[in-house]
Amino acid sequence: MSRIRRARTERLSRRTLLLAAALLPIGAAHAGAATDARTPAAFIQRVGDQTVAILKRPGVPKPERLEALVDVLDDATDLALVGRLVLGPYWRQASAEQRTDYLQLFRELVVSTMAERLDGYGGETFDIVGERAVDERDTLVATRINRPNAGSGPVAVDWRVRRTDDRFAIIDIIAEGVSMVVTQRSEVGSVVGQKGIDGLIADMRERLHGQS
């Protein structure tokens, strides 16, 4: 592979997967956050508590911890919707086979990235600092991510939570004012514009095989 193509593939995969990997809050919300389980803030708190409990399990093999994290991911996110949002207008242009391949690879890359991050937990925590309605379905839960080993201050992260029927699901994160879905949609659009949807799928598959 050429250096230019490798750099483009690496940039696409890492930035696209940043969204998916970040959908699991790595840390536990501090006491004092909303406790009503029916609120988006309480939902984010619960997901964080579940995640950090898995990461801190002593003596549990990595595959078992990964499987537990995947269960949390499935419960906390609408990953298929996130994948469609990232693909943006190209979703309507994709064939049924392309959609299936893309979503399958998107999910596999998410899980692979989670596996990479399992050993990188550094004691991060987050404080829930508020929530506000975006529309009838979506709420932004504002948090402050505390990174004790990062050598820098807290990071402001908003979690976009959608209520569908009787459940909540994370569909986007906004880190320091930047939407990950919007950012990744731009990256994906650039690749699809140059190489088509099949080229995007090939890049994703190449990234996945490179991690194995």
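Visitor: Why is aspartate 74 called partly exposed?

Guide: Aspartate 74 has a relative accessibility of 38%, and since buried means under 20% relative accessible area and exposed over 50%, with partly exposed in between (1.4 Å probe, protein chains only), aspartate 74 counts as partly exposed. This is a predicted model, in which local features need pLDDT of at least 70 and side-chain atom pairs count only at pLDDT 80 or more, while totals for chains, interfaces and linings use all residues. Residues are numbered from 1 along each chain as its sequence is written, and side-chain values use heavy atoms, with hydrogens and water left out.

Visitor: How do you know that aspartate 74 forms a salt bridge with arginine 107?

Guide: The closest N and O atoms of the two residues are 2.7 Å apart, and a salt bridge is defined as a side-chain nitrogen of Lys or Arg within 4 Å of a carboxyl oxygen of Asp or Glu, so the pair qualifies. Arginine 107 is itself partly exposed, with a relative accessible area of 32%.

Visitor: What makes aspartate 138 buried?

Guide: Its relative accessible area is 0%, and aspartate 138 is therefore classed as buried. The side chain of aspartate 138 meets that of arginine 162 in a salt bridge (2.7 Å, N to O); arginine 162 lies in strand 3 and aspartate 138 in strand 2, so this pair ties together parts that are 24 residues apart in sequence, strands being DSSP runs (E, at least two residues) numbered from the N terminus, as are helices (H or I, at least four).
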